[in-house]
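Please load the model in your viewer and keep the selection tool handy. We will go from stop to stop, picking residues as we go.

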Amino acid sequence: MTQHENWYLPYMDQKVKGIKVVERPAPVAIFYCAGASNVGQSTVLGSNAAARRLGYDRAALLCLASISAGLKNVSRAAAEAKGIVAVDGCPMQCARRTLEKAGFHVNESLVVTRDCNVPKSFILEDAAAITNVAEAIVASVEKIEKGRMEVSDAGGYDAK
């Protein structure tokens, strides 16, 4: 597996199936709504850009629909992640609500219309929105990582 491979889900899939793996530290999990508007589509492309920028050892893209379907590999990946970022296009916050309904704690919740100053439309090609979303996701992942390090410095964090 390389730094450029979204390795965490296949890795967790092997663990769920009982296949021996070399243990690796979990990244922050990113779930996005993938809605049908410009802001929904910017959650997909912005998440992809953020994960590439950070590297997949720090940020893993996971499938929100698999949470709703109750798939064990994705649910376990979310449960063991360093933290969870939910990226929603609009105030309906389907990603955050789906994760919370399934019992997961969302560490960072981004709403593109609120947090990235992108108005909702149905013109799907919005390069500025994608850049804004990617930057917000990078900041959220770094905030989770920093928070984990601060807790660790105080002696109370048990690294995953």
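Start by selecting Arg-24 and Trp-7: the charged end of Arg-24 sits over the Trp-7 ring, 3.7 Å from its centre (NZ of Lys or CZ of Arg within 6 Å of the ring centre and within 35 degrees of the ring normal). This is a predicted model, in which local features need pLDDT of at least 70 and side-chain atom pairs count only at pLDDT 80 or more, while totals for chains, interfaces and linings use all residues. Residues are numbered from 1 along each chain as its sequence is written, and side-chain values use heavy atoms, with hydrogens and water left out.

Rings of Phe, Tyr and Trp (its six-membered ring) pair if their centres lie within 6.5 Å; planes under 30 degrees apart are stacked, over 60 edge-to-face, and the rest tilted. Trp-7 and Tyr-8 are edge-to-face, 5.5 Å centre to centre with 85 degrees between the planes. Tyr-8 and Tyr-11 have centres 6.3 Å apart and planes at 25 degrees, so this pair is stacked.

Now show relative accessibility, where buried means under 20%, exposed over 50% and partly exposed in between (1.4 Å probe, protein chains only). Tyr-8 is buried at 1%, and Tyr-11 is buried at 2%.

Next, select residues 38–54, helix H2, which has 17 residues (helices are DSSP runs of H or I, at least four residues, numbered from the N terminus). Its buried residues include Asn-38, Gly-46 and Leu-54. Finish on Gly-55, which follows H2 and has a positive phi, near 95 degrees.

Notes: Helix = DSSP H or I, 4+ residues; strand = E, 2+ residues; numbered from the N terminus. Expected span 1.5 Å × (residues − 1).
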